[in-house]
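This report walks through one protein model, from whole-chain numbers down to single residues. Keep the viewer open while reading.

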Amino acid sequence: MNRITSFEQYLSEYKKSVENPEQFWSKQAEEFVWKKKWDKVLDWNFTEPNVKWFIGGKLNITENCLDRHLAERGNQTAIIWEPNNPNETGRKISYKELHSEVCRFANVLKNNGAKKGDRICIYMPMVPELAIAVLACARIGAIHSVVFGGFSFQSLADRIHDADCSIVITADGAFRGAKDIPLKSVIDEALQTCTSVKKVIVLKRTNTEIKMQNSRDVWWQEEIKKVSADFPAEEMDSEDMLFILYTSGSTGKPKGVVHTTAGYMVYVDYTFRNVFQYNKREVFWCTADVGWITGHSYLIYGPLLAGATTLMFEGIPTFPDAGRFWQVIDKYKVNIFYTAPTAIRSLEAVGLDFVKPYKLDSLRVLGTVGEPINEVAWNWYNENIGKEKCPIVDTWWQTETGGIMISPLAGITKTKPSFATLPLPGIQPVLLDESGKELLGNNVEGRLCMKFPWPGMIRTTYKNHQRCFDSYFSHYHGYYFTGDGCKRDENGYYRITGRVDDVIKVSGHLLGTAEIENAINQHPDIVESAVVGFPHEIKGWGIYAFAIDDHGRKDTDELKKEIIATVTKFMGAIAKPDKIQIVKGLPKTRSGKIMRRILRKIAEGDFSNLGDISTLLDPNVVEEIKTGRIN
Ligand code: WT7
């Protein structure tokens with residue numbers, strides 16, 4: 001497949017993509033297998049919003065990920081799987097094997113009542129069956145909703161409930177570092193309130209003892225024995241939903257971001273091949289969990305569409321020791337390595353002794369994603385992992401964008417530490433000031449928006465189109481608003497400065513402050529809480545919680561431990577506050593709104609400029625909070 005090979009070509013492709021987007025994207029789409037070609041490339045407005053790509057086209061994405069490759073690379077490895085425990089044997093699954101595994105599991109889904117259009121929740125460890133489950137859903141035309149295994153029962157229940165899932169696919173447990181995570185028991189707890197679920201398919205992974213509920217729960221390993229490896233792919237419309245993936249918002253419960261079939265397919269394939277400059281037979285490793293969009297787009301769909309070999313790792317970077325990533329790179333001769341700044345910073349912090357034993361000479365390209373990467377971490381990655389010979393692609397994008405939007409093309413775009421550099425062909429970013437005026441020219445800073453659609457973009461938020469409009473299209477009329485602040489330097493390079501709304505990027509995970517507050521408020525002694533972020537050396541941002549206890553309990557470690565346990569139970573360990581301050585009151589306006597601006601300043605330890613506090617209902621609370629600040 002063709003791809004961009006020089007900077008001049010990037011510039012000319014970019015120009016074409018802006019001058020004639022329909023022609024540009026239809027050329028990319030022609031590379032795929034269609035059951036019926038589209039009638040019209042694009043229909044759009046950002047006011048409803050309504051975005052449709054490749055209208056009238058019929059296809060199945062798994063035919064493009066699997067069947068299409070069988071003739072040329074049936075015996076090539078599609079997935080390399082490395083288990084959590086280095087002493088357990090890994091697996092290599094060829095395209096041919098993956099194709100038959102997916103077909104078999106598609107039959108299992110059908111046997112258990114699944115139909116085209118059903119929503120299926122996947123809550124699994126990072127094992128090949130997770131990829132198989134995702135693809136089998138797509139094969140039968142069911143909509144997958146993968147929930148990260150680190151979320152606990154309330155977050156899981158909210159997601160299953162919102163999507164009205166009829167089937168859950170899970171495992172008895174997950175191995176993560178030295179821990180066993182009891183996935184099935186979390187499912188059992190969540191399903192007490194989710195009546196839509198009729199079947200639970202359970203993969204045996206950890207051999208943890210679990211309860212199987214008669215007639216509802218079945219074992220993966222038993223079901224798979226009953227079926228054949230033939231399954232003709234369901235015919236899907238270009239705009240049929242492919243998946244829902246929940247992401248946190250500024251307010252309320254998480255939003256079900258909806259991606260549809262053809263546009264997503266064309267976009268992740270194009271971005272995968274061009275950003276990483278993927279060459280045939282290279283080994284690509286994306287360390288993200290499939291529970292996040294990065295895992296969907298660049299662990300499963302992008303690499304498989306491109307016929308690549310994709311590595312899936314079950315474990316964590318620090319088990320059995322902090323050399324684990326580097327050991328796996330040497331073991332499988334990984335060529336392209338894609339990870340998050342948090343992981344880089346935490347591995348940098350433990351010192352070079354964990355890097356030194358490894359050669360890392362197979363590496364050709366390094367990537368980062370998920371949050372801004374600071375210059376120190378960028379340089380460490382470049383010098384010690386890339387040995388100053390691997391281009392680093394700092395890729396900016398979002399759950400809602402489906403694929404990478406602003407990024408260097410490896411080895412083609414000149415990089416600059418902490419800059420995501422330039423928009424990919426087809427992407428038209430703009431910076432707006434607070435009043436919505438476009439900031440033209442270079443050396444400007446504003447809010448990052450998009451003024452033209454791209455094939456991989458969000459279509460709606462599940463069952464709630466209004467929320468899609470409110471979240472992304474209502475701030476600035478006629479634009480998609482990303483929620484990020486951004487600078488454009490003298491060369492037109494983009495540098496993302498971070499979120500400008502009430503979500504926090506903690507270790508690269510997007511968490512809504514409202515969601516964390518709801519979890520804290522489940523503690524019986526807490527009446528109200530407010531959560532803000534504070535800069536954190538490793539995690540990027542840490543979680544600072546202010547909580548009001550109405551049972552006169554002392555501000556003790558015990559109470560804090562209980563609050564942390566509550567958050568872990570209801571939301572998951574990824575949302576645990578780093579600092580908890582018990583307060584008597586919160587700074588509120590007369591209309592009852594919490595002034596987070598003040599709390600953010602206090603959390604950062606910056607008391608100098610708290611702004612106007614005269615509108616507060618009770619300005620005294622600010623003094624109390626300042627005095628009790630946790631360092
Ligand atoms: C938010 C989206 C993209 C997949 C994983 C995260 C931040 C993402 C970068 C980057 C600076 C980045 C933004 C964005 N972000 N990549 N390279 N540089 N910031 O997806 O959880 O939907 O989060 O992640 O703030 O809005 P997500």
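Of the 631 residues of the protein chain, 61% count as buried. The model is a predicted one. The chain holds 19 helices and 30 strands.

**Overall dimensions**

The C-alpha trace spans about 75 × 65 × 55 Å along its principal axes. A compact globule of 631 residues would have a radius of gyration near 25 Å; the protein chain has 24 Å, so the two agree. Contacts were also sorted by separation along the chain. Among those with a separation of 6 or more, 70% are between residues 24 or more positions apart.

The accessible surface of the protein chain comes to about 24100 Å². Carbon and sulfur atoms supply 49% of that surface.

Strands of a sheet pair through backbone hydrogen bonds, either parallel or antiparallel.

Inside the sheet, strand S6 (residues 119-123) pairs with S7 in the parallel sense over four bridges. The bridge partner of Ile120 in S7 is His144. Strand S14 (residues 241-247) and strand S15 (residues 255-260) pair in the antiparallel sense, over six bridges. There, Met241 stands opposite Thr260 in S15.

Ser145 belongs to strand S7 (residues 143-146). Its relative accessible area is 1%, which is why it counts as buried. Leaving aside neighbours within four places in sequence, Ser145 is in contact with Ile120, Cys121, Ile122, Ile244 and Tyr246.

Further along the order, Val202 lies in strand S11 (residues 199-203). Val202 is buried, with a relative accessible area of 0%. Not counting residues up to four places away in sequence, Val202 touches residues including Thr170, Ala171, Asp172, Lys184, Ile210 and Met212. Val218, Trp219, Trp220 and Gln221 are also among the residues that Val202 touches. Met405 is 203 residues from Val202 along the chain, and their C-alpha atoms are separated by 36 Å.

**Strand pairs**

| Strand pair | Sense | Bridges |
|---|---|---|
| S1 and S2 | antiparallel | five bridges |
| S6 and S7 | parallel | four bridges |
| S14 and S15 | antiparallel | six bridges |
| S19 and S20 | parallel | four bridges |

Strand S1 covers residues 40-45 and strand S2 residues 50-55. A hairpin joins S1 to S2 through four residues. Asp43 stands opposite Lys52 in S2.

Strand S19 (residues 365-369) runs parallel to S20. Thr368 stands opposite Asp394 in S20. In S20 (residues 392-395), Ile392 and Asp394 point one way, while Val393 and Thr395 point the other way. All of these are buried.

Which residue has its place in the loop between S20 and strand S21 (429-432)? It is Pro408. At 1% relative accessibility, Pro408 counts as buried because the cut-off is under 20%. Pro408 is in contact with Ile392, Val393 and Asp394, among others, once neighbours within four places in sequence are set aside. Val275 is one of its contacts too, and Thr413, Thr415, Ala420 and Thr421 are also among them. Pro423 is 15 residues from Pro408 along the chain, and their C-alpha atoms are separated by 8.1 Å.

**An enclosed helix**

Is helix H16 (residues 513-520) largely enclosed or open, and why? Seven of its eight residues are buried, so H16 is largely enclosed by the rest of the structure. The buried residues of H16 are Thr513, Ala514, Glu515, Ile516, Glu517, Ala519 and Ile520.

Key: Residues are numbered from 1 along each chain as its sequence is written. This is a predicted model: local features need pLDDT of at least 70, side-chain atom pairs count only at pLDDT 80 or more; totals for chains, interfaces and linings use all residues. Side-chain values use heavy atoms; hydrogens and water are left out. Helices (H or I, at least four residues) and strands (E, at least two) are DSSP runs, numbered from the N terminus. The radius of gyration is taken over C-alpha atoms; the globule rule is 2.2 Å times the number of residues to the power 0.38. Buried means under 20% relative accessible area, exposed over 50%, partly exposed in between (1.4 Å probe, protein chains only). Contact means heavy atoms within 4.5 Å. Accessible areas come from the Shrake-Rupley method with a 1.4 Å probe; for residues, only the protein chains shown count as cover. Two strands pair if DSSP finds at least two bridges between them.
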